[in-house]
Number of protein chains: 2
Amino acid sequence: MAQIKTYPRVMPTSECVDAALPLSALRVACSNCGLRDLCLPVGFSHAELVRLDGLVARRIRVYKGASLFRTGEPFEGLYAVRSGFFKTRTTSEDGREHVTGFQMAGELLGLDGLAADAHICDAVALEDSQVCVIPYAQLESVSHEFMTLQRQFHRIMGREIVRDHRVMALLGGMRSEERLATFLLNLADRLEARGFSPSSLVLRMTREEIGTYLGLKLETVSRCFSKFQSEGMLNVRQRQIQIVDRVALQALVAGASFKV
Amino acid sequence: MAQIKTYPRVMPTSECVDAALPLSALRVACSNCGLRDLCLPVGFSHAELVRLDGLVARRIRVYKGASLFRTGEPFEGLYAVRSGFFKTRTTSEDGREHVTGFQMAGELLGLDGLAADAHICDAVALEDSQVCVIPYAQLESVSHEFMTLQRQFHRIMGREIVRDHRVMALLGGMRSEERLATFLLNLADRLEARGFSPSSLVLRMTREEIGTYLGLKLETVSRCFSKFQSEGMLNVRQRQIQIVDRVALQALVAGASFKV
DNA sequence: CGTTTGCTTGACAGCATTCAACGTTGGTGG
DNA sequence: CCACCAACGTTGAATGCTGTCAAGCAAACG
């Protein structure tokens with residue numbers, strides 16, 4: 001797993017990840033964050049960005065395998081992924097796990113807690129990660145006097161709903177290969193938006209996690225990977241995925257994907 | 001697929017066409033609406049309710065089969081179902097339909113439009129219906145000076161996300177019988193909250209619509225109904241459903257449903 | 001009253017799951 | 001440094017659930 005590190009990080013700025021420097025001492029501000037064009041303040045002017053700086057209370061680390069929050073815990077605020085990778089999951093009464101999403105840098109976690117002031121899923125780090133904490137009280141009061149933020153926040157919640165609807169359509173109507181192809185293309189797009197190669201990616205999750213996200217068993221996921229490779233669409237070596245024939249992958253998804 | 005109907009689009013203009021009593025003459029106000037304990041203003045005091053009265057611009061009728069809004073149309077606001085029954089659906093490139101939800105009195109439609117200022121699904125009336133129109137601009141400005149409303153609106157969006165996550169879990173992890181049982185119990189609960197019998201219900205949707213909502217084919221839905229009947233859990237006569245053994249239905253779902 | 005639409009049921013096929021065995025990788029401790 | 005272990009991934013064979021195709025029936029509609 002050592003070679004994951006060789007991938008270029010969209011690396012923010014001065015403020016990061018130096019073990020010598022406690023995070024609490026770092027300047028935590030949207031206005032000088034490298035992710036500002038992906039995260040909450042997309043499209044904000046510099047003046048607007050500065051107004052956001054009071055919003056982010058602090059930044060916290062979540063080590064691989066640890067939970068940022070868990071089902072039932074009180075909702076306190078949202079979390080913006082600063083670096084790393086998360087999954088959100090729910091667990092059924094009989095112990096089956098269902099992954100509801102994967103989140104990477106610039107994406108928000110915790111919206112599920114708005115409904116009942118308590119989280120209804122677990123957010124688990126799939127690698128050592130950092131998140132910015134946006135206390136809900138803060139968000140409420142700042143967006144109260146700052147219309148652009150309010151609008152933006154609504155937009156982000158809307159995006160979450162749209163995303164969920166797409167996943168529902170995927171789970172309800174696609175066959176295994178279409179599901180996996182959709183998943184890979186979506187992942188590639190999001191990575192590309194963050195400055196990574198869109199054709200060469202390293203999965204942060206197991207086959208089983210992909211499976212429960214896509215409504216498939218891990219063996220089915222594995223078989224699909226193998227099939228895509230044998231058909232020359234992918235190169236698969238464990239979690240290292242190379243998209244060889246993007247067009248073919250897209251063609252697989254074309255009919256099943258949804259109109260705008 | 002040729003028979004996809006071009007249903008008449010509802011005209012959101014001079015609301016209604018009832019000669020005897022134009023809706024415009026009715027008092028359109030949350031403060032004296034019988035649904036206020038189910039709809040947007042759940043839990044509001046009377047004083048707060050009155051502040052909402054400026055929010056609802058007008059009420060419009062949508063006849064059975066007609067669309068309240070369609071994919072691609074500009075987002076203008078939210079709609080609260082006043083009476084009647086809706087489905088929201090998306091359509092894939094190759095013409096397959098996927099139902100993303102069913103909405104009854106007191107529930108909100110249109111949240112999908114927040115993301116991109118355009119709707120990404122169709123809202124179709126399954127019976128003659130009425131909706132209250134809540135222009136987004138209005139909602140924005142009122143909630144700006146009225147914290148309780150802002151909080152409530154966030155809560156409602158959160159609920160939508162939670163609902164979607166439950167559906168995702170259903171689609172990803174349950175077998176056909178569990179899906180249908182979950183669906184029926186959910187429907188019964190919502191009807192009960194509206195003062196209807198929780199054990200005797202009339203479906204407003206076809207087997208096919210249930211199917212695309214649950215990720216099943218209509219034949220499978222039909223077979224499940226028959227099986228539930230033969231096992232004494234339901235009485236099924238077309239769309240008239242009687243829940244005979246609620247406990248058995250719940251037991252079917254128990255293991256698969258999700259922890260709080 | 002005939003036509004259309006929706007619902008039910010049967011027979012069969014196919015895709016994904018299940019069960020099982022084996023291979024690979026990375027970490028741990030001797 | 002190597003051996004071993006645990007977690008993860010791959011593959012095969014068989015089962016089974018759901019989909020597909022088809023026919024017939026019931027209800028709604030004009």
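This section describes the predicted model of two protein chains with DNA strands C and D, moving from the chains to the DNA surfaces. Because the model is predicted, local features are reported at pLDDT of at least 70 and side-chain atom pairs at pLDDT 80 or more, whereas totals for chains, interfaces and linings use all residues. Residues are numbered from 1 along each chain as its sequence is written, chains are lettered from A and ligands numbered from 1 in the order in which they are written, and side-chain values use heavy atoms, with hydrogens and water left out.

Chain A comprises seven helices and 11 strands, where helices (H or I, at least four residues) and strands (E, at least two) are DSSP runs numbered from the N terminus. Of its 260 residues, 55% count as buried, a term that denotes under 20% relative accessible area, with exposed meaning over 50% and partly exposed the range in between (1.4 Å probe, protein chains only). Among contacts in chain A between residues at least 6 apart in sequence, 72% join residues at least 24 apart, contact meaning heavy atoms within 4.5 Å.

One residue of this chain, A:Phe69, is located in strand β2 (residues 67–69) and counts as buried because its relative accessibility is 2%. Although A:Phe69 and A:Asp122 are separated by 53 residues in sequence, their C-alpha atoms are 5.6 Å apart in space. When residues up to four places away in sequence are not counted, A:Phe69 touches A:Asp122 together with A:Tyr79, A:Leu109, A:Gly110, A:Asp112, A:His119, A:Cys121 and A:Ala123.

The relation between the two chains was examined by least-squares superposition on the C-alpha atoms of residues with pLDDT of at least 70 in both copies. Chain B is superposed on chain A by a rotation of 180° with 0.0 Å of shift along its axis, at an RMSD of 0.0 Å. The two copies are thus related as by a two-fold rotation axis. Of the interface residues of chain B, 100% are also interface residues in chain A, so the copies meet through the same surface.

B:His165, placed in helix α3 of chain B, counts as buried because its relative accessibility is 7%, and its contacts, not counting residues up to four places away in sequence, are with A:Thr100, A:Ile120, A:Glu160, A:Arg163 and A:Asp164. In helix α2 of chain B (residues 136–144), the buried residues are B:Tyr136, B:Leu139, B:Glu140, B:Val142 and B:Ser143. The cover over these buried residues includes α2 (136–144) and α3 (147–173) of chain A, as well as α1 (46–52), β3 (77–91), β6 (122–135) and α3 (147–173) of chain B.

A nonpolar core is taken here as a set of buried Ala, Val, Leu, Ile, Met, Phe, Trp, Tyr and Cys residues joined through side-chain atoms within 4.5 Å. The largest such core has 75 residues, and those with the most contacts inside it are A:Leu180, A:Phe183, A:Phe225, B:Leu180, B:Phe183 and B:Phe225. Another core, of 52 residues, lies apart from it and has among its members A:Phe75, B:Leu108, B:Leu111 and B:Met157.

Of the atoms of DNA strand C within 4 Å of the protein, 65% belong to sugar or phosphate and the rest to bases. Polar contacts here are pairs of N or O atoms within 3.5 Å; within protein, one must be able to donate a hydrogen and the other to accept it, and residues adjacent in sequence count only if both atoms are side-chain atoms.

A polar side-chain atom of A:Arg223 lies 2.9 Å from a base nitrogen of DNA strand D, while an N or O atom in the side chain of B:Thr220 is 2.4 Å from a phosphate oxygen of DNA strand D. The largest share of this surface, five residues, comes from α6(A).

Definitions and conventions: A residue is near a molecule or strand if one of its heavy atoms lies within 4 Å of it.
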